[in-house]
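Subject: Structure for you to look at

Hello,

Here is the structure I promised to pass on. Please open it and keep it beside you as you read my notes.

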Amino acid sequence: MDVSVEPRRPLQPRNRVAAPVPAGTASRTPRVSVIIPCYNYGRFLAQSAGSALQQQGVDVELIVVDDHSTDDTPQVLADLGRDEPRLRAVRNETNHGPCDAFNDGLNLATGEFIVRLDADDLLTPGALARAVQLFEQFPEVGLVYGHPVHFHQTVPTTYRSEPTGWTIWSGQDWIAERCRLGVNCITTPEAMVRASIYQEIGPWDNRMRLACDLGAWLRVAAVSDVARIDGVDQAWHREHQGSISVTDGGRRVDLTERRIAFDALFEGPGGKLPQASELHDLARRALATEALESACHAYDRRLTDREPVEWYVQFAVETYPQARQLPLWRGLHRRRSVGPRLAPLVPGFAASVVRRRLRNDARHRTWTRHGI
């Protein structure tokens, strides 16, 4: 059957306030556990750890999990740990992988709030205090995030530090938007979660390497509200050829892991949500649509010799049994009938390339402004 709950309008927030983030309680200093899983990122670790230790207005507990690195990570940690009681370094005797390495740190954390910070990323000054202030004012919120600035080489020296307001969604509404689009909207270092929520939903799902963060955000939203600090940059995310998203990535891995993330949500706490079955179908439809679009794109760009077109088709059918009823299925059939050599010359197919680009640009603008 077709999905009847697909939103036709932008996600509506429970609260959207054009005002500074409310001031926190001055009578105490909440503890935030920042967990850095590190595997052969010693060259970045000092900057990453320093960005956490320099945070003001919170009690920082920094836990670095050296996931059996073979570079200079142990020496970097030894240098960082001198006269720094807030740093706890743990070395795994074998490589656990990025998801379990975070869970290793999570098991040791004593803070009220948890942040995962990859060893090649950084927090902007004041990021932790801004998030904690929002948590303090809204106890029903379990996840707070903001905007991450992506960079390639030199760490930026400027950032937006004055929030313009905040947005709060019910967890179910936030999940529904993720199901509609099928993609993650949080990079990772800009997000903070209540430790009590992890105690409720459990650790990150180690069936994934790339999408375990998406899986965590979805399960958090299944049991709490979600908030975003608007108008401010909460983290710097480094893009480079050695990142796991590049070395372990690829469209096939990405699509497969996102399917696991949504399945895990509805097998777990998301299964108790109203219309859980319809939302699950909605997510699987979004992933199947994306796979078919990737197949069409391969024809439109003469990339069929490099793109796994048949895999995309099989994934779509396995993920969403009604895939053959989707408009893109018919579009792919027409492209196949024309062939990869002539497909880019068909005006209708060429126009779809432009429409796809315009749609992606619009989505990026929405993400930049609203974080969804």
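Strand E7 (residues 141-151) and strand E9 (residues 192-194) pair in the antiparallel sense, over 2 bridges. Helices (H or I, at least four residues) and strands (E, at least two) are DSSP runs, numbered from the N terminus. Two strands pair if DSSP finds at least two bridges between them.

A word on the source. This is a predicted model, in which local features need pLDDT of at least 70 and side-chain atom pairs count only at pLDDT 80 or more, while totals for chains, interfaces and linings use all residues. Residues are numbered from 1 along each chain as its sequence is written, and side-chain values use heavy atoms, with hydrogens and water left out.

Back to E7. Strand E10 (residues 225-238) runs parallel to E7, and 9 bridges join them. Here Tyr145 stands opposite Arg228 in E10. Strand E7 is mostly covered, with 9 of its 11 residues buried. Buried means under 20% relative accessible area, exposed means over 50%, and partly exposed is in between (1.4 Å probe, protein chains only).

Next, the aromatic rings. The whole structure has 11 aromatic pairs. Rings of Phe, Tyr and Trp (its six-membered ring) pair if their centres lie within 6.5 Å; planes under 30 degrees apart count as stacked, over 60 as edge-to-face and the rest as tilted. One of the pairs is Tyr145 with Trp174, edge-to-face, at 6.3 Å centre to centre and 65 degrees between the planes. Tyr145 lies in strand E7 and Trp174 in helix H5 (residues 171-181), so this pair ties together parts that are 29 residues apart in sequence. Tyr145 is buried, at 1% relative accessible area. Trp174 is buried too, at 0%.

Trp311 and Tyr312 also form an edge-to-face pair, with 6.0 Å between centres and 75 degrees between planes. Trp311 is partly exposed, at 26% relative accessible area, whereas Tyr312 is buried, at 1%. Elsewhere, ring pairs link Phe102, Tyr198, Trp204 and Trp217 into a cluster.

The rule: NZ of Lys or CZ of Arg is within 6 Å of the ring centre and within 35 degrees of the ring normal. Arg178 lies over the face of Trp174, 5.7 Å from the ring centre. The charged end of Arg335 sits over the ring of Phe349, 4.2 Å from its centre.

The structure holds 1 cavity of 30 Å³ or more. On a 1 Å grid over the protein atoms alone, a cavity is a set of points where a 1.4 Å probe fits but cannot get out, and lining residues have an atom within 4 Å of a point. The volume, about 50 Å³ for the largest cavity, is the space filled by probe spheres set on the points. Helix H4 (residues 127-137) gives the most to its lining, with 3 residues. The lining residues include Val115, Pro189, Met192 and Gln234. They divide into 7 nonpolar, 1 polar and 1 charged.

Last, a loop. Pro85 lies between helix H2 (73-81) and strand E4 (87-91). Is Pro85 buried or exposed? Pro85 is exposed, at 77% relative accessible area. The C-alpha atoms of Pro85 and Thr158 are separated by 29 Å, and the two residues are 73 apart along the chain.

Best wishes

Technical notes
On a 1 Å grid over the protein atoms alone, a cavity is a set of points where a 1.4 Å probe fits but cannot get out, and a pocket is an open set with protein on both sides within 12 Å along at least five of seven lines; lining residues have an atom within 4 Å of a point. Ala, Val, Leu, Ile, Met, Phe, Trp, Tyr, Cys and Pro count as nonpolar, Asp, Glu, Lys and Arg as charged, and the others, Gly among them, as polar.
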